[in-house]
Every structure is written in C-alpha cells, then in structure tokens.
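Here are my notes for a colleague who is opening this entry without having seen it before. They are set out as numbered points, to be read alongside the coordinates.

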Protein chains: 2
Amino acid sequence: MDKDPKELAREEEYSFRRDDPAAGDQIETLLDQHRDIELDELLVELYDADVAYLLQHLDQEQRERLLLRLSPERRGLVLLELDDEERKDLLETLTPRQVAEIVQEQESDVAADIIEDLPEETTTEVISMLPQEDRRDVAELLSYPENSAGALMTKQFASVLETSTVKQAIQSIRRATMQSDDIYTVYVVDAGGHYKGHLALDKLILASSRTRVKKIMETELLPIPVNMDREEVAQMFTRYNFISVPVVDAQDVMVGRITVDDILEVVEEEASEDILRMGGVSADETLTSPIFQSSVKRNIWLFVNLLTAFLASSVVSLFEATIEKVVILATLMPIVAGMGGNAASQTMAVIIRNIALGDLSPSGLPRALVREATMGAMNGILQGLITGLGVFLFTGKIVLACVISAAMIINMMIAATAGTAIPLVLKKLNVDPAIASSIFVTTFTDVCGFMSFLGLARLMLPYLVS
Amino acid sequence: MDKDPKELAREEEYSFRRDDPAAGDQIETLLDQHRDIELDELLVELYDADVAYLLQHLDQEQRERLLLRLSPERRGLVLLELDDEERKDLLETLTPRQVAEIVQEQESDVAADIIEDLPEETTTEVISMLPQEDRRDVAELLSYPENSAGALMTKQFASVLETSTVKQAIQSIRRATMQSDDIYTVYVVDAGGHYKGHLALDKLILASSRTRVKKIMETELLPIPVNMDREEVAQMFTRYNFISVPVVDAQDVMVGRITVDDILEVVEEEASEDILRMGGVSADETLTSPIFQSSVKRNIWLFVNLLTAFLASSVVSLFEATIEKVVILATLMPIVAGMGGNAASQTMAVIIRNIALGDLSPSGLPRALVREATMGAMNGILQGLITGLGVFLFTGKIVLACVISAAMIINMMIAATAGTAIPLVLKKLNVDPAIASSIFVTTFTDVCGFMSFLGLARLMLPYLVS
C-alpha cells in the first residue's frame with residue numbers, strides 16, 4: 001500500500017503482475033491525494049495495456065482525471081487497449097471536441113477503430129473536426145467492410161520510387177516516422193503508385209547512400225488485395241512469415257500496409273470466436289461483458305438447443321411402448337446418443353480447426369470424408385464392442401448387448417460423416433462452421449442414436465422381453 | 001497441364017492457390033522429364049511453405065530429387081514448413097551427413113527444431129558433425145524445456161555496448177545479417193552482456209553515425225526470462241505489441257531473442273490445442289496424421305467418456321421403477337441433461353478462453369463465479385419455464401411440467417457453477433483446463449440432470465401417475 005510508486009512501477013515492469021491489487025490501490029491513492037507529479041512518473045513507466053487494465057478498476061470520476069494526465073496520443077492508445085464495451089462507455093463520456101483531439105494524434109487505423117466505437121450521433125461531428133487529410137484517410141478506412149484487409153491496414157507507410165536512391169529512401173523513413181511508430185519496411189512504387197517491391201531496413205542500413213533502390217529491392221512480398229478477408233490475410237502471414245505487407249486496390253495501387261502485430265490480434269480474435277461459437281456463446285463475450293446482454297444472447301442459443309432437444313426427445317416418444325416393456329433401454333439410450341456426440345465433437349474439432357488454418361477447403365471434402373468415415377467405423381466398432389461387452393457383463397442379456405453394439409457402430413459412423421460434412425457445407429454456404437456445427441451435428445447424433453438403438457430394440461423386442 | 005512453368009509460378013504467387021492441382025502436376029512433369037533448369041526457375045518463384053505443400057504430393061523418389069535441387073539452407077526452411085509427421089518421415093530418409101549439411105546453414109532455432117525431430121540414434125551423430133559454435137548453440141537450445149522461451153528463441157542477434165556509437169551499431173547489424181534474415185532491432189548490453197535497452201532500426205537509420213547508442217536507445221522492452229512458458233510469452237507480445245524481444249537468463253544476461261513471427265505460430269498452435277482438446281482430440285492431430293495413430297488416441301478419450309456415460313446411466317437405473325410407471329420421463333430426461341450440458345459448454349468456452357488469453361487467473365475465480373452463477377440462474381429459470389410450458393402444452397400434465405422446470409433450473413445453475421470452477425481448479429493443478437473440462441463437466445451435468453429430474457419425479461410420483 002505504501003510502496004514507493006517508482007518501485008511499484010519497476011515491479012510491475014519486471015514481474016508482469018497486472019492483477020496485483022497494489023498497483024490499482026497505488027493509482028487510486030495518488031489520484032485521491034492529487035499527487036500529480038508522482039502519478040505522471042508512474043504512468044510513464046507503465047505500458048498502455050496496463051494503464052487500460054488499471055483504468056477498469058477506477059470509478060468514473062477517477063477515470064476521467066487519469067485520462068487527462070495522459071497526452072492525447074497516449075489517451076487513444078490506452079482507449080484501444082480497453083475491451084470494446086468499456087471503450088464505448090468511456091467514449092460516451094467525452095465531448096466530440098475531446099475525441100477529435102485524441103483521434104487526430106493517432107495513426108489512421110487506430111483513429112478509425114476509435115471512431116467506429118463512437119455513438120452514431122457524434123461520429124459525423126468528430127470526423128468534421130479532423131484536419132482534411134486525416135478526415136480523408138479515416139473516411140476511406142471506415143468505408144471498407146469490417147473484416148477486410150482494408151479495415152485492418154494503416155494508411156501511413158514509407159514509400160519511394162524505383163528510380164530513387166538509398167538516400168531518398170531514408171528521407172521517406174524520416175517522413176513516415178513522424179506519423180507512425182512502427183516502420184520496418186520501405187515500399188517501392190512506380191510513378192502511378194503501383195506496388196513494385198520493398199526494402200527491408202537492415203538491407204537499407206547497409207547499402208551505400210547513392211545506390212539505386214531498384215538494385216537492392218526485394219520482390220517476394222505478396223501484395224494483399226484491399227478486399228481480402230482478414231482471416232485469409234492472417235493465413236498469408238502465418239504461412240509465409242511476413243512482417244509488413246503492402247495492401248493494394250483493384251488497380252494494384254498501394255493504399256496501405258498491414259503489420260504482423262495487427263495480425264497477432266486477428267489470429268487471437270479468430271481463435272476466440274471459434275472457441276466461443278463452438279461453445280454456443282456469441283463471438284465477443286468476455287467475463288467483463290454486461291450480464292444481461294450476455295444472458296439474452298446465450299438464451300437465444302439455448303432456446304434453439306431446446307427446440308432440437310424436443311426434436312430428439314420426440315424420437316424417443318415414438319418408442320415409449322417399447323421402453324415400457326424393456327425399461328433398461330431408458331437407462332442405456334443416453335450412452336448411445338452421448339458417444340455419438342463425442343465422436344462427432346472429435347471430428348468437428350479437427351475439421352473446424354483445419355478450415356480455420358486454411359488447410360482444408362471444400363474441395364478437400366472427399367479425402368477428409370474418407371479419413372473420418374474410416375476412423376468413425378474403426379472407433380465405432382471398438383467402442384460398440386466394449387459397450388456390448390459391458391452391457392452383457394452387467395445384465396447377462398446377449399441380445400441387448402448386440403443391439404447396443406450395433407446401434408453404437410451405426411451412430412458413430414454417422415457422427416463421423418456428419419461431423420465432417422456439415423462444417424464443410426456450412427463453410428461453402430458462407431456460414432461460420434463453428435457457429436452452427438455443434439447444434440446441427442449434436443441433434444443429428446441424438447436423433448440417430450435414439451432411432452438406431454430404440455429402433456433395433458423394437459425389432460428385437462420378442463428376444464429382449466424374454 | 002501444359003502451362004508454362006513461369007506463368008504457373010506467377011499464378012501461384014498472385015492467386016495463392018496452393019490447392020491448385022496444376023502446380024503439383026507441373027512439378028511432377030518437370031521432375032519426370034528432368035527439365036532441371038525450368039524446375040529451378042519455378043522453385044525460385046515459390047515460397048518455402050508452398051514448396052513444402054507441393055512436396056507432400058510427390059512420391060519418395062521425386063521428393064528426394066526435388067530436395068536436392070534446393071540449396072541446403074532452403075532445404076531446412078522447407079523442412080520446417082512440413083507437418084511434424086512428414087518432417088520426421090523425410091528426415092529418416094536422409095543420412096546424418098546430409099542433415100548436418102542442412103542444419104549448419106540454419107539459424108539456431110531452426111537448427112534445433114530440425115534436430116529435435118531426428119530419430120534418436122542419429123541426433124548425436126549430426127550434432128557432432130556441426131562446427132563448434134553451432135554445436136554449442138544447438139545444444140543450449142535443446143537443453144531448454146519444450147514450451148519455454150528458451151526453446152523458442154534464436155541465438156543470433158545484433159548487439160552493441162551502451163558506450164558504442166551508431167556506426168558501431170550498424171556494424172553489428174552487418175555481422176548479424178550474415179547469420180540471420182530478420183533483424184529489426186539492435187540490442188544494447190553492458191560489458192557483462194546484461195540487457196540494457198534497444199534501438200529500433202528506423203530510429204537508428206535517422207541518427208548521425210557518431211551519436212552514442214546510450215543517447216538514443218529505448219528501454220521500454222520487457223526482457224523475457226529464458227524459462228517463461230511460451231503461452232505467457234505470447235501474452236506479453238499480444239498485450240504490449242512487441243516485435244522482437246530480448247531473452248535473458250537468471251543473471252539478466254541476454255542469451256537470445258524472440259520475434260513476433262515465432263509468436264504468431266505459438267498463438268495459432270495454442271488455439272489449435274485448446275480447440276482440439278475441447279473436442280476430445282489430441283493436441284497435434286491434423287487431417288494428415290496417420291489414421292491408426294489418431295484412432296488409438298481418440299479411442300482412449302472415447303473410452304474415458306464411455307466410463308462416465310455408464311456412470312450417468314447407472315443414475316438412471318436407480319429410477320427404473322419410476323420410469324416404468326411414467327414412461328414419458330424417459331422421453332424428457334435427455335432434455336434436462338442436454339440443456340445442462342449446453343449451459344456448461346457456454347460457461348466453459350468463456351472461462352477457458354479467458355484463461356488462455358491471460359485475462360483470468362485462479363484469483364479471479366470469485367468474480368467469475370458470481371457472474372456465471374447469476375447467469376446460470378437467470379438462464380435456467382427462463383429455459384426451465386419455457387420447457388415447463390412446452391411440456392404442459394404437449395401433455396396437459398401440470399405436475400410433470402413443474403418437475404421438469406424445477407429440474408432444469410437446478411441443473412443449469414449447477415452447470416454454470418461447475419463450468420466455471422472445474423477449469424479454474426484444473427488450471428490451479430497445472431492440468432490444461434481444455435483437456436479435461438468437457439469430460440468432467442458433462443458427466444457432472446448428466447448425473448445432476450438425471451438425478452434432479454428423476455429424483456423429483458419419484459417424489460411427486462403419486463401426482464404423476466394419476
């Protein structure tokens with residue numbers, strides 16, 4: 001509690017203990033006692049992400065005062081590190097003038113990200129307050145579809161003509177670093193702005209200042225079309241180990257660049273989306289999302305599941321007469337349905353992940369289907385036999401054991417096939433395979449599991465009741 | 001088929017069509033007809049990852065001949081782009097001498113990655129063939145635990161003393177670029193090799209050559225301890241937008257560096273692991289894994305699931321007498337168990353993802369528990385009432401409707417609590433929350449669902465049979 005703030009900052013820096021309550025307490029104390037100079041010293045030592053984290057634990061009045069201690073540029077960077085919900089809440093408390101002051105200090109992609117989260121009524125007002133060039137850049141970025149390369153890129157980059165010298169390339173870096181912090185590459189364009197190649201800074205540093213750019217530039221970078229989906233852009237980066245890539249419009253004119261740190265975020269977000277959607281949660285829910293809103297979204301999903309559960313149970317109801325005669329069927333039927341569900345989950349996890357990584361396209365369906373169906377048959381036979389053996393040992397009923405074995409083999413083969421085909425069909429229909437697969441596939445395995453087990457049981461009823 | 005290889009290469013380059021069968025056909029034709037010069041031209045145009053992709057579709061003899069067309073350095077980079085299994089297979093076909101030739105051309109981390117995948121008996125032989133310095137670096141990297149920062153880092157980096165000038169820093173880049181392709185940063189160390197700060201190349205380029213390094217260096221990079229878990233390292237990169245970070249030993253001596261493109265791979269791998277494990281598949285299964293091996297691993301998981309399914313069904317068997325009297329209970333019980341499972345999946349998806357992103361530690365349990373339990377109660381009441389209403393409308397039985405409502409509310413509250421607590425407890429026990437959560441939690445919700453529904457039904461039996 002009474003730690004020296006500098007010592008605290010150093011601890012924070014070296015031990016990464018963001019959840020250390022002492023740091024929050026310290027900030028609160030400094031704010032309450034208006035010890036502004038110490039506060040400024042502490043803030044300098046902290047990362048933007050950590051300031052954002054600490055900000056979350058302050059009350060409204062403290063937040064506003066803390067933000068005012070930061071430069072407008074840093075205010076924007078801290079805003080960007082907040083969760084979406086909290087950023088929106090905080091932006092609502094600022095006047096359009098205050099937002100404009102922050103936005104005009106940012107690189108174009110950060111500016112666009114902040115403006116996107118403004119309440120509708122103030123967006124136009126904020127944009128109108130920006131200097132003309134910023135206004136144009138931001139308007140352009142906002143015009144691209146949400147998940148496109150265009151929405152991800154920044155408009156600030158260093159570029160030179162093919163005919164320039166190394167000296168001129170260095171001047172272009174000087175200009176670019178005034179607007180942007182992360183310059184790793186100088187792009188080479190022709191007089192029409194068409195992308196031609198690039199110069200890595202380490203190569204540039206070693207070249208003599210009068211060397212022509214054309215002589216030392218590299219050409220192996222893939223320019224990314226401005227409308228490419230960000231998931232595909234991320235696949236390019238992972239596959240080819242890019243650091244910074246030019247983005248071009250339909251005429252091959254370079255309009256921006258995307259760097260790998262943006263991609264890191266995309267990869268994490270896309271993975272989060274898949275994991276959350278596979279679990280039946282909306283793609284943006286976190287532990288800090290408002291409970292009521294999260295609950296509404298979850299209930300929609302639960303309700304759809306309820307309908308499919310009724311569907312599966314209506315299959316069971318067809319066989320009530322059979323169950324009444326052989327009640328142990330009721331005990332065993334969840335095993336058949338559940339194991340089908342498990343087999344389907346296994347298949348779906350592999351398929352969905354391979355789709356996401358770009359290793360499986362709809363054209364790869366036949367091969368994947370053969371693999372999964374083979375495995376479904378192998379695993380179904382093995383687990384079916386084990387289950388049959390177990391049932392026989394417990395009940396001594398050989399016919400019942402055969403019925404459950406057969407039903408499980410059938411259901412697990414169906415599960416593997418459905419678990420492969422449904423995600424790929426959804427992908428082909430441009431529906432996220434993760435969002436809808438579990439619902440369709442589990443209904444499928446439940447229905448097929450009950451149907452095969454109880455159906456076979458009804459067929460064999462004379463032998464089961466004896 | 002008869003496309004000009006250059007044209008083909010250009011297509012490959014600009015349209016990213018890795019799964020274009022024509023590219024593979026073209027390579028095969030060139031190999032078969034021994035048109036080596038055209039083949040070399042085509043290979044120059046392709047990315048390492050694409051060569052690796054095409055390699056997979058060649059037969060053994062063609063593979064070996066294609067690899068021989070590549071320089072030893074590139075051979076290693078292509079090897080690295082193959083799936084683990086295929087890399088191991090291919091390495092087995094090479095002599096220790098051939099492997100050593102490849103390995104000594106690589107940066108230390110690539111070298112270590114390749115050596116790690118060698119068959120045990122040749123590892124020592126290959127290492128002994130390396131030049132002394134490489135041998136030491138590789139041995140060091142191999143000595144770090146598999147998922148540590150040490151195993152991830154490369155030993156090649158540019159460094160200068162604090163007292164050096166910009167000119168000397170540029171010389172250090174010259175030395176470093178001879179061993180390494182991706183230099184974005186010059187690290188500043190003291191005479192003992194302790195990490196002091198860094199110089200971004202864009203700042204360095206703009207500084208005058210006689211400026212002292214100490215004057216322009218930045219100090220805000222966090223040095224990563226060599227034994228830090230790679231998942232935590234990845235969290236640092238995402239949180240603080242690092243590009244290249246120094247790795248230090250226990251004495252703060254800089255021993256290597258990690259760059260963001262390595263982290264991109266870590267993030268994708270960790271996400272894959274979570275998705276696959278949540279689905280009940282081993283963390284490294286892909287569509288190209290050998291079927292038999294994948295099947296064995298999946299069957300282990302399925303067998304554990306089978307045991308828990310028997311456990312749940314033994315709960316049902318306790319109530320067979322009740323089901324015999326009110327057979328509709330058998331029809332409805334999967335709904336209660338299934339909806340509990342769905343509610344638990346929702347909670348687990350949020351919890352597991354937040355743990356993975358470093359946003360939830362065991363100390364955050366109480367708050368998460370309150371959030372999820374509240375939502376479990378809200379959602380349970382809503383879905384329970386809807387289900388009760390549905391059952392009443394279908395059957396006209398008010399007591400049955402009340403029983404299923406109550407059972408669902410109870411089970412969904414339990415599901416939310418278990419879905420939060422179990423992953424966090426597993427995390428605390430150092431077990432991957434993703435691997436075991438679904439198994440424990442689903443058993444839990446099945447058992448509780450059957451127990452609450454059938455138990456309540458037995459209590460209310462006199463009112464149900466009438």
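**Notes on the predicted model**

1. I begin inside chain A, with a helix pair in which Ser108(A), Asp109(A), Ala111(A), Ala112(A), Ile115(A) and Glu116(A) of α9(A) are in contact with Asp134(A), Asp137(A), Val138(A), Leu141(A) and Leu142(A) of α11(A). Sorted by class, the residues of this contact comprise six nonpolar, one polar and four charged. Please keep in mind throughout that this is a predicted model.

2. The geometry of that pair can be described as follows: helix α9 covers residues 108–116 of chain A and helix α11 covers residues 132–143, and their axes come within 9 Å while crossing at roughly 65°. Since angles of 65 to 115 degrees count as roughly perpendicular, α9(A) is therefore roughly perpendicular to α11(A). The handedness of the crossing between α9(A) and α11(A) is right-handed.

3. On the α6(A) side the contact uses Gly76(A), Leu79(A) and Leu80(A), while α9(A) provides Val110(A), Asp113(A) and Ile114(A). By class, this contact of α6(A) with α9(A) consists of four nonpolar residues, one polar and one charged.

4. For orientation along chain A, the domain assignment gives domain 1 as 5–146, domain 2 as 158–259 and domain 3 as 291–465. The centres of domain 2 and domain 3 of chain A, taken over C-alpha atoms, are separated by 52 Å.

5. Turning to the pair of chains, how is chain B placed relative to chain A? A rotation of 180° with 0.0 Å of shift along its axis brings chain B onto chain A, with an RMSD of 0.1 Å. That is the relation of a two-fold axis. Moreover, 100% of the interface residues of chain B are also interface residues in chain A, so the copies meet through the same surface.

6. The contact between the chains draws 98 residues from chain B and 98 residues from chain A. Several helices of chain B each supply at least two residues to the side that touches chain A, among them α13 (166–179), α17 (260–278) and α21 (365–395). The helix that gives the most to this side of chain B is α20(B), with 19 residues. By class, the residues on the side of chain B that touches chain A are 55 nonpolar, 26 polar and 17 charged.

7. One helix pair across the two chains deserves a separate look, namely helix α18 (residues 291–317) of chain A and helix α20 (residues 328–356) of chain B, which pack at an angle of about 155° with their axes 9 Å apart. With angles over 145 degrees counted as roughly antiparallel, α18(A) and α20(B) are therefore roughly antiparallel to each other, and their crossing is right-handed.

8. As for the residues that meet in this pair, α18(A) brings a set that includes Arg298(A), Leu302(A), Asn305(A) and Phe310(A), and α20(B) brings a set that includes Leu332(B), Ile335(B), Met339(B) and Gln346(B). Divided by class, the contact of α18(A) with α20(B) has 12 nonpolar, seven polar and one charged residues.

How values were computed:
Residues numbered from 1 in each chain as written. Chains lettered and ligands numbered in written order. Predicted model: local features only at pLDDT ≥ 70, side-chain atom pairs only at ≥ 80, totals over all residues. Least-squares fit on C-alpha atoms with pLDDT ≥ 70 in both. Contact = placed C-beta atoms within 7 Å. Axes fitted to C-alpha atoms, helices over the stretch in contact; angles between N-to-C directions. Helix = DSSP H or I, 4+ residues; strand = E, 2+ residues; numbered from the N terminus. Parallel < 35°, antiparallel > 145°, perpendicular 65-115°, else oblique. Left-handed = near helix turned anticlockwise from the far one by under 90°. Nonpolar A, V, L, I, M, F, W, Y, C, P; charged D, E, K, R; others polar. Domains from an automatic or database assignment.
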